[in-house]
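Reader: I am new to this structure. Please take one part of the model and go through it closely.

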Amino acid sequence: MINQPPVDVMIKKLSSESGEPISRYALCVIAAKRARQIMDRNSQREPGGEEKELTVACEEIAEGRIKAVKD
(Lines give C-alpha, C1' and ligand atoms only; values in the text may rest on other atoms or scores of the structure.)
Protein backbone atom coordinates (compact mmCIF):
# COMPACT_ATOMS: atom_id res chain seq x y z
CA MET A 1 0.00 0.00 0.00
CA ILE A 2 1.28 3.42 -0.92
CA ASN A 3 1.12 6.02 1.86
CA GLN A 4 3.02 8.89 0.27
CA PRO A 5 1.69 10.67 -1.67
CA PRO A 6 -1.81 10.10 -0.26
CA VAL A 7 -4.26 8.34 -2.56
CA ASP A 8 -6.89 11.04 -2.00
CA VAL A 9 -4.48 13.71 -3.26
CA MET A 10 -3.73 11.72 -6.41
CA ILE A 11 -7.44 11.12 -7.06
CA LYS A 12 -8.14 14.83 -6.65
CA LYS A 13 -5.32 15.74 -9.08
CA LEU A 14 -6.69 13.33 -11.69
CA SER A 15 -10.32 14.42 -11.31
CA SER A 16 -12.09 15.64 -14.42
CA GLU A 17 -12.51 19.31 -15.23
CA SER A 18 -16.10 19.10 -14.00
CA GLY A 19 -14.74 18.06 -10.59
CA GLU A 20 -15.85 14.43 -10.83
CA PRO A 21 -13.23 12.25 -9.11
CA ILE A 22 -11.79 9.22 -10.84
CA SER A 23 -12.02 5.76 -9.32
CA ARG A 24 -9.23 4.08 -7.40
CA TYR A 25 -9.10 1.49 -10.17
CA ALA A 26 -8.46 4.21 -12.76
CA LEU A 27 -5.73 5.65 -10.54
CA CYS A 28 -4.05 2.23 -10.39
CA VAL A 29 -4.21 1.84 -14.17
CA ILE A 30 -2.77 5.31 -14.79
CA ALA A 31 0.03 4.85 -12.25
CA ALA A 32 0.90 1.41 -13.65
CA LYS A 33 1.02 2.69 -17.24
CA ARG A 34 3.30 5.55 -16.23
CA ALA A 35 5.52 3.21 -14.19
CA ARG A 36 5.89 0.96 -17.27
CA GLN A 37 6.88 3.97 -19.37
CA ILE A 38 9.53 4.88 -16.81
CA MET A 39 10.79 1.29 -16.72
CA ASP A 40 11.09 1.22 -20.51
CA ARG A 41 12.96 4.51 -20.51
CA ASN A 42 15.32 3.32 -17.76
CA SER A 43 16.00 -0.07 -19.36
CA GLN A 44 18.85 1.46 -21.37
CA ARG A 45 20.47 2.83 -18.22
CA GLU A 46 22.39 0.92 -15.62
CA PRO A 47 20.43 0.00 -12.49
CA GLY A 48 21.21 2.30 -9.60
CA GLY A 49 19.89 3.49 -6.28
CA GLU A 50 17.03 5.38 -7.88
CA GLU A 51 13.49 5.37 -6.59
CA LYS A 52 11.05 2.70 -7.68
CA GLU A 53 9.18 3.42 -10.88
CA LEU A 54 5.76 3.28 -9.22
CA THR A 55 6.87 5.78 -6.58
CA VAL A 56 8.05 8.18 -9.28
CA ALA A 57 4.77 7.74 -11.18
CA CYS A 58 2.71 8.47 -8.05
CA GLU A 59 4.79 11.55 -7.25
CA GLU A 60 4.27 12.84 -10.80
CA ILE A 61 0.51 12.34 -10.43
CA ALA A 62 0.44 14.14 -7.07
CA GLU A 63 2.40 17.05 -8.55
CA GLY A 64 -0.13 17.35 -11.37
CA ARG A 65 2.32 16.46 -14.15
CA ILE A 66 0.14 13.51 -15.28
CA LYS A 67 -3.42 13.97 -16.56
CA ALA A 68 -6.15 11.38 -17.11
CA VAL A 69 -7.66 11.26 -20.58
CA LYS A 70 -10.38 8.97 -21.87
CA ASP A 71 -9.56 6.83 -24.87
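Author: Setting aside neighbours within four places in sequence, R34 is in contact (heavy atoms within 4.5 Å) with R41, A57, E60 and I66. This is a predicted model, in which local features need pLDDT of at least 70 and side-chain atom pairs count only at pLDDT 80 or more, while totals for chains, interfaces and linings use all residues. Residues are numbered from 1 along each chain as its sequence is written, and side-chain values use heavy atoms, with hydrogens and water left out.

R34 counts as buried because its relative accessibility is 16%; buried means under 20% relative accessible area, exposed over 50%, and partly exposed in between, with a 1.4 Å probe and protein chains only. R34 belongs to helix 2, residues 24-42; helices are DSSP runs of H or I with at least four residues, numbered from the N terminus.

Helix 2 has 19 residues and spans 27 Å from its first C-alpha to its last, close to the 27 Å expected at 1.5 Å a residue, where the expected span is 1.5 Å times one less than the number of residues. The buried residues of helix 2 are L27, I30, A31, R34, A35, I38 and N42. Seen down the helix axis, these buried residues fall within an arc of 130 degrees, so they line one face of helix 2; the arc is that of the directions from the axis to the C-beta atoms. They pack against helix 1 (7-13) and helix 3 (53-63). On the other side of helix 2, Y25, C28 and D40 are exposed.

Notes
Helices (H or I, at least four residues) and strands (E, at least two) are DSSP runs, numbered from the N terminus.
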